[in-house]
Each structure stands twice: as C-alpha cells, then as structure tokens.
Amino acid sequence: YCVVPAYAYAMAAIHQSLEGTMLWRATFVACTAAALVPSPLLEFRYFTIPLIIARLHMAPAAFGMRRVAIEALWYCAINAATLWVFLNRPFAWHSEPGKAQRFMW
C-alpha cells in the first residue's frame, strides 16, 4: 500500500499529458485496464502496446528533444542488453542435457 500515492501520481501525470478528448482518454484507460487486469502474470509484453499508444498520443510540448533522445538511448540500451543475453548466455536444463536453451522474455 505504500506505493499507491506513486501510482496515483503517475496515472494523473499520464492522463494530463495525453492529447485527445475525454472520451478517448476514458477509452484508453478502459482498454488498458481490460488488457492488464485479468493477466495472470506481470509481464512486460502486456504493457508494450498501451505504452506505445500512450506515447504516440502525448503532447509534443510535454517533452523536449533532449528527453526524447534520452528515452531512445534508454530503449536502445535495453534492446542491446537483451540481445547480448540471448546470444551469449545459453544454459542447459537438467531434463534436456546437451541442448542449449536461450533466455528471452
């Protein structure tokens, strides 16, 4: 319960930075909740599409070019680290010895 204020602030900040009518914002929140609430696991793939749609509908004046460049570099670093783990860190399961398994989420 300690993080509820942070979640409320984040929700208000995202809601304020989104462009569009109140109907579009309400539909976005409803569709995002419909996709995330019933999911049994907390996986990043469930957040990808709502994040991209929200990012595309944010007001351009809300972020400067420096912030957009930092965000792009951050995502490139995450993708590079994921690719490195996939290529360079295979492992073997005890049930399937000798077969290289790859970690990917």
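The model is predicted, and the protein chain has an average pLDDT of 83. The protein chain contains four helices and zero strands. The largest pocket holds about 1400 Å³ of space.

**Confidence**

- A pLDDT of at least 70 is reached by 94% of the residues in the protein chain, whose average is 83.
- Within the protein chain, H4 has the highest confidence, with a mean of 87, and H3 the lowest, with a mean of 82.

**Fold and overall dimensions**

- In sequence order the pattern of the protein chain is α-α-α-α.
- The helices are H1 (4-17), H2 (22-36), H3 (45-56) and H4 (65-88).
- The radius of gyration of the protein chain is 19 Å, whereas a compact globule of 105 residues would have a value near 13 Å.
- Of the 105 residues in the protein chain, 12% are buried.
- Among contacts in the protein chain with a separation of 6 or more, 33% are between residues 24 or more positions apart.

**Largest pocket**

- The space in the largest pocket amounts to about 1400 Å³, and 32 residues line this pocket.
- Ile14, Phe47, Thr48, Pro50 and Leu51 are the lining residues closest to the centre of the largest pocket.
- H1, H2, H3 and H4 each contribute at least two residues to the lining of the largest pocket.
- H3 supplies the most, giving eight residues to the lining of the largest pocket.
- By residue class, the lining of the largest pocket has 22 nonpolar, five polar and five charged residues.

**Phe91**

- Phe91 belongs to the segment after H4.
- Beyond its neighbours within four places in sequence, Phe91 makes contact with Lys99, Ala100, Gln101, Arg102 and Phe103.
- Phe91 and Gly20 are 71 residues apart along the chain, and 47 Å separates their C-alpha atoms.

**Asn79**

- Asn79 is part of helix H4.
- Asn79 has a relative accessible area of 53% and is therefore exposed, the cut-off being over 50%.
- Between the C-alpha atoms of Asn79 and Glu19 the separation is 28 Å, with the two residues 60 residues apart along the chain.

Technical notes:
Residues numbered from 1 in each chain as written. Predicted model: local features only at pLDDT ≥ 70, side-chain atom pairs only at ≥ 80, totals over all residues. Heavy atoms only, no water. 1 Å grid on protein atoms, 1.4 Å probe; cavity = no way out; pocket = protein on both sides within 12 Å on 5 of 7 lines; lining within 4 Å. Points joined across faces, edges and corners; volume = space filled by probe spheres on them. Nonpolar A, V, L, I, M, F, W, Y, C, P; charged D, E, K, R; others polar. pLDDT = per-residue confidence, 0-100. Rg over C-alpha atoms; globule rule 2.2 N^0.38 Å. Buried < 20%, exposed > 50% of the residue type's maximum accessible area, 1.4 Å probe, protein only. Contact = heavy atoms within 4.5 Å.
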